[in-house]
Amino acid sequence: MNYFRILNTAFALLMLLMVAGCSSEAKRPVVKIGYMLCNSEEETMQRFKPLTSYLSDKVGVDFVMVPVDTNDFEKRFKNGEFTFAHTNSILYVILRENHGAELLASEKRGKFGSRTAGAIIARKGSGIERLDDIKGKRMAFGPMLAPTGYMAEYDLMLAAGINPENDLAHYTIPSGSFKHEKLIYGVLYGKYDVAAAPILDIENMTRDGKIAADDFVILAQSVPIPYCTFASAKGTDPTLVKKVKDALMNLKPGDTGEADGEVLKVLKAAWIDGYEDLLDSDYDVIREMAKRVNMPPYQKY
Amino acid sequence: MTRSIEFWMTMATALLLGTVGVLLSVWGNPENSGICVSCFIENSAGALGLHDNGNMQYLRPELIGFLLGSTASALAFRDFRSRGGSAPLSRLFLGIFLIFGCAVFIGCPIKLFLRLSAGDLTAVAGVAGLLGGVWLGLRGLANGVELVKPSQGNASGGHLIPVLFVVLLIFLFMRPEFLLFSVKGGGAQYAPLSVALAAGVALGALAQRTRFCITGSIRNTFLMGLRTPALWGLLVFVVAAAVSSMVSGRFNLSLYGQPGAHLEHVWSFLGMGLVGWISVLIGGCPFRQLIKAGEGDADAGLVVIGMFIGGALSQSWGIAATAAGVSLYGKVAILLGFAFVACGSLLYRERSR
Amino acid sequence: MFRDFFDKSCWGLLAVALTALLAVLLVDAANRDGKSARGSNKAMEREMAYHARVELINKLYGPVEVLRTAGRNQEALLKLDELNRRYPGEAHGHILQGLILQDMGAPDEAIASFVEGIKLNGDYVDDKSPLSRRREIQGLVDIRSKDVSARVAANPDNRTLAGLLQKTNYLKSRLAGGCE
């Protein structure tokens, strides 16, 4: 009988421990991160799931990914649907100027580190050799809120005295996902004469063997500008903000995060090289460009 | 103290060492490395084909001059006495670790003070380490540690190292094909041969007469306080070097951007700490070992051989530090050195019953 | 040391050995006719190997230099990317990248590239080396070091700037010389 009593007590203790474990996990706060869609929702989720899991482990909260279309981002951020935002740099400037978002970290990717550039490209051998030659030609831009797929190139053209609204045969923005790749292929296969291509996409496509470095002529290129950015909503708990920032800044190539039952290297999965601690003043170049191009948050109607 | 000729000769040696140490840089040796026994040994080991770092291959005339100057002085004053035979293998290994310590700091005790007097604040950690190492060595001796017994007896072989260096001198002038010379890097920076050789001989002779030694000066200061001439010699050396640096426009007071210096202060401390500890146990810093070997001390000769081996291994195995920092192998070498000396201190200690 | 037959024999042997040594050296010197004593001149071989390497590097990276000289820096970077994938760990790629990034207005990234290149091969700051880019690197460091220090002083907690300052100081140290 004693034996059974001991067994029962042990079983009860075990159940208590398990329940205690469960309840401590349930106590972790849930915090949402809004991820601006890059090429597609599927790709964005795939890239940043390990990072989100890594942040949860390091910070001790349960981060939840919220994929958000670029054009809906500001509205949903304003509504408080997420605390942290992962966006491009023009969207960060909009959130900062209009809603007081705080800069956390800037993503390093490619030759220019946390910066990248926009370029106007033409196919080699098409006869378009200089920027002036694009007058009267067919051009493709990336989405309008793309700093290096639209804004930088528009700015380059204005600086060269070319008005995109009047001096081109026409310009278009490809529909659907993977817009940047579409317009680069479009130039390669003759659908467009010139395109506004982010240097990062050209670098990646060259590295993947999708295009060759010799396929294109770069007619003009912007100065390097900041690109993908992590920000926090105004009024977020400073301790939480610091933990997230530290976790991002301390990311090393060997760090892992979970995604759909797999353990993956965070930086490799996200296609990034790490994070940098830029200053908000480093984004002034974006602000100046946006003003010249009449883009949010400085647009005048 | 000031009445003795020994005191003034020590001051003269120190003055010459400090001034020439800077001038040799002005005349072509690498920056802040006008005199650096460990760097010279690494360069000379490379010249003899003992390692393959193409930037560190030059048979340094200063090194040959130190030893042969000591020999000449010893012979002239009938001081040359072939002696030795005590703990040969221990001395060999201690010589290896002596250079490892210097290689991790990037400089011998002479270069340590040359760097300091040129305003290189990264040398401060090295000075602290050297002081600590000397203190540790003295504590060991006071507690009966006798890793190596002092050189005694009429052991033959004390003339072999001076003969070897005469052969090296012949090599230097004859330039046989197996002798390698860097065309770039630190090994391609050197003062004119005659100047370097003459400076080495003069310093070697003076150091033999005065027994000048950096770690010995620190040791004597710990033991005898301010009375010892050696301390004043060290101060004169530092002041002379500092003045020479300022006059030649090479003084740059800064922690950063110093030639041949890294910012891993802990390893600078430990590297020089190991050098200090070993120097006390074997009776002198690398420079002093060369001088003693020139006088016929075969035990010091074995340390010199060990230093050459250490110089070769420092380059071949990547133990030597660079401006980028200390490699894993360098750190391992230092820690193994401390372990080696600590083991020796435990095993070779006279314990009172 | 001249007491008995054995002593005398040793002296005789010593004299013969030294005489023979002298004779061998003199005869060899007379007959050498400029040829190497060991059949090959190690120093010359090494020098030739180094020059061959420099020639090969210039040939391989030539197309990148051509694009750079023509002012087509981004295309030069893309071409360089291809070469870097083929020859990872080659210092020349990092140095060229630094030069191009410097021209493109990315000095911080240029500094990082130079650091990577010089850590692999210090020839690029050695005036005596045909690969030397000391002037360009010195110029960049001279321009940027005050600016970087000022930015660090204004933002003492900024990790990126602290890392950049460390890299700048490393370049300053390598440019200052010393034995390495």
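Begin by selecting A:P297, which is found in the segment after α10 (284-293) of chain A, the helices and strands named on this tour being DSSP runs numbered from the N terminus (H or I of at least four residues for helices, E of at least two for strands). This is a predicted model, in which local features need pLDDT of at least 70 and side-chain atom pairs count only at pLDDT 80 or more, while totals for chains, interfaces and linings use all residues. Residues are numbered from 1 along each chain as its sequence is written, chains are lettered from A and ligands numbered from 1 in the order in which they are written, and side-chain values use heavy atoms, with hydrogens and water left out.

The phi of B:N32 is near 60 degrees, a positive value in a residue other than glycine.

**Helix pairs within chains**

Return to chain A and select helix α6 (residues 179-188) together with helix α7 (residues 199-207), whose axes come within 10 Å and cross at roughly 70 degrees (axes are lines fitted to C-alpha atoms, for helices over the stretch in contact, and angles run from 0 to 180 degrees between N-to-C directions). That makes α6(A) roughly perpendicular to α7(A), on a scale where under 35 degrees counts as roughly parallel, over 145 as roughly antiparallel, 65 to 115 as roughly perpendicular and the rest as oblique. To show the side chains, pick A:H180, A:E181, A:I184 and A:Y185 in α6(A), which meet A:D201, A:I202 and A:M205 in α7(A), contact meaning heavy atoms within 4.5 Å. The residues of this contact of α6(A) with α7(A) divide into four nonpolar, one polar and two charged (Ala, Val, Leu, Ile, Met, Phe, Trp, Tyr, Cys and Pro count as nonpolar, Asp, Glu, Lys and Arg as charged, and the others, Gly among them, as polar).

In chain B, select helix α8 (residues 193-210) and helix α12 (residues 286-294), whose axes come within 10 Å and cross at roughly 85 degrees. That makes α8(B) roughly perpendicular to α12(B). The contact is made by B:L203, B:G204, B:A207 and B:Q208 of α8(B) and by B:F287, B:R288 and B:I291 of α12(B), and its residues divide into four nonpolar, two polar and one charged.

**Between chains A and C**

Now show chains A and C, where the contact takes 26 residues from chain A and 20 residues from chain C. The two chains bury about 2000 Å² between them, 50% of it on carbon and sulfur atoms, buried area being the accessible area (1.4 Å probe) that two parts lose on being put together, summed over both. In chain A, select A:K111, A:F112 and A:D277, which lose the most area to chain C, together 30% of what that side buries.

Across this interface of chain A and chain C the rule finds four salt bridges (a side-chain nitrogen of Lys or Arg within 4 Å of a carboxyl oxygen of Asp or Glu). One of the salt bridges is formed by the side chains of A:D246 and C:R159 (2.8 Å, N to O). The elements that give two or more residues to the side of chain A that touches chain C are α7, β10 and α8 (238-249) of chain A, and α7(A) gives the most, with five residues. By class, that side of chain A has eleven nonpolar, five polar and ten charged residues.

Another pair to select is A:D214 and C:K79, whose side chains meet in a salt bridge (3.3 Å, N to O). A:D214 lies in the loop between α7 and β10 (216-221) of chain A and C:K79 in helix α4 (residues 73-86) of chain C, so the pair joins two chains.

**Between chains B and C**

Of the two pairs of chains in contact, chains B and C share the most contacts. Their contact takes 29 residues from chain B and 25 residues from chain C, and the area buried between them is about 2100 Å², of which carbon and sulfur atoms give 56%. Across this interface of chain B and chain C the rule finds one salt bridge; select C:D123 and B:K184 to see their side chains meet in a salt bridge (3.2 Å, N to O).

Finally, show chains A and B: no contact joins them, and their closest C-alpha atoms lie 19 Å apart.
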